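Reader: Can you take me through this one? I'd like the overall picture, then the charged pairs.

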Amino acid sequence: MAKSTKTARPSQQATWGGRFTSGPAELMLAFSESVSFDRRLAPFDIAGSKAHSAMLAHTGIITAAERDAIHAGLDAILAEIEAGKFKWDVKLEDVHMNIEQALTRRVPAAAKLHTARSRNDQVATDMRLYLKHACAQLSEKIAAAQRAILDAADAHADVLIPGYTHLQRAQPVYLAHHLFAWLEMLQRDRARLAETAARANWCPLGSGAIAGTTLPIDREFTARQLGFVDARGRPQVTQNSMDTVADRDLFTEFAHACALFGVHISRIAEDLILWSSAEFKFVELPDAFCTGSSLMPQKKNPDSCELLRGKSARLQGNLHTLLTLAKGLPLTYNRDLQEDKPPLFDSHDQAAICADVLAGTFTGLKMNRDKCAAAVADPALLATDLADYLVERGVPFREAHHAVGAVVRVAETLRVPLDKVPYDEIQSVHPAFEPDWTQVFDLKRAMQKRRGTGMPGPQQIKKQFARWEKLIAETRKGKNAK
Ligand code: ARG
């Protein structure tokens, strides 16, 4: 008999089999099961069931003894799952039905657990609990990567490099300033995760399948049990039962936060790949995060960075999947929505390992001070400062810009560095140039002059070191990223 026509006995679907004369085809079971990936929701599902049954007892729908039996059974099942001893059954489709059926086999009162609840509000609750946890965990991992970047900045605090626009040398910056730019990007990622977690913090239970329940439940009680509370401990429950079971915005927001984090790490990785090439040689990446070539013995490839760049494509793909999944669906729940979990879980897992690898890559990173010093010694990097020199002597900026452009042309014609153009040549370009004009090329002095907030001068760098130390220490104390 073909696999597709074999069917399971209807009794095996005790949760909804009542109206069916035959069970689903084996092919349909294999096609429609989600337990292979949603079993990771088990701790959240069990927490939700404990809170729900506590509420049912609180409102007198079940007895205290029934609640206690349900709780003990759920605790035992969780212990088995954590020990890897629980037997998952794809015939029971998903994590929710696997746990409920196992409980019902052990505890008669479990037949009352699903009172005033549907898998629709159950899965919405599990996912909100999961997302709160995922946002906090990922934020901590990103903070650890920030810590590694800050340590690298600290170890090379005196190093100057050229900053680039259009991948052309533009102006000198402290390496720390470049690294702080990365910290800013990652800080925004953490802020986005904190915002997503805050929006996840509303309890769906009580929404039922679509239209709540006729039974006298207490939604606020359940919300409080599960920690869906505001800063003052007041319960937060979702406000529209139809939206609650249909909504997947949080999934998309989380995937978006991960995708944008992916874009950030991809840009960081790209800088490191460039900097580690023979053409730059600013940085030596740690052996532990590189590989060699099977053919060319001299090669050391920046694989961790390339994979960080590559994973960002995958994170964007997951976001796209979630956007497309929800876009054409009529209200409310549709089975399509089961497909929300693989991309979401994948974004979480991949973003988490990317954060770890980013931290690891920075931990063993060494800057090549000589190469950085040679690159930043190019006096052309201070051409803008030379224009500012003229501005300080009353020349309008446009005129100053034009004059310095002419000096650059002279230097190119004479084949000398910008600071070695003879004074008589420079005087003939613009009379406002005085004999002290070469002091502009004193790099230390040039950096000192960049004093304003957000600029790469040494006073600001010092302030930013203090700021980041504080921001990252706050993470450790468990405060959310702002
Ligand atoms: N496995 C399902 C999912 O993840 C659970 C919700 C099922 N609800 C339903 N009405 N069939 O979407």
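This is a predicted model: local features need pLDDT of at least 70, side-chain atom pairs count only at pLDDT 80 or more; totals for chains, interfaces and linings use all residues.

Reader: How many helices and strands does the protein have?

Author: The count is 18 helices and four strands. The radius of gyration is 31 Å, well over the 23 Å from the globule rule for 482 residues, so the protein is more spread out than a compact globule. Its C-alpha trace spans about 100 × 60 × 40 Å along the principal axes.

Reader: And what share of the residues counts as buried?

Author: 48% of the 482 residues. The protein exposes about 23400 Å², with carbon and sulfur atoms supplying 55% of that area.

Reader: Switching to charges. How far apart are the mean positions of the positive and negative ones?

Author: They are 3 Å apart, for 61 positive and 57 negative charges.

Reader: How many salt bridges does the structure hold?

Author: There are 31. One of them joins E392 and K449, at 3.1 Å from N to O. E392 is in helix 14 and K449 in the loop between helix 17 and helix 18, so this pair ties together parts 57 residues apart in sequence.

Reader: Is E392 buried or exposed?

Author: Exposed, because its relative accessibility is 53% and the cut-off for exposed is over 50%. K449 is partly exposed at 38%.

Key: Residues are numbered from 1 along each chain as its sequence is written. Side-chain values use heavy atoms; hydrogens and water are left out. Helices (H or I, at least four residues) and strands (E, at least two) are DSSP runs, numbered from the N terminus. The radius of gyration is taken over C-alpha atoms; the globule rule is 2.2 Å times the number of residues to the power 0.38. Buried means under 20% relative accessible area, exposed over 50%, partly exposed in between (1.4 Å probe, protein chains only). Accessible areas come from the Shrake-Rupley method with a 1.4 Å probe; for residues, only the protein chains shown count as cover. Lys and Arg count as positive and Asp and Glu as negative; His and the chain ends are not counted. The place of a charge is taken as NZ of Lys, CZ of Arg, CG of Asp or CD of Glu. A salt bridge is a side-chain nitrogen of Lys or Arg within 4 Å of a carboxyl oxygen of Asp or Glu.
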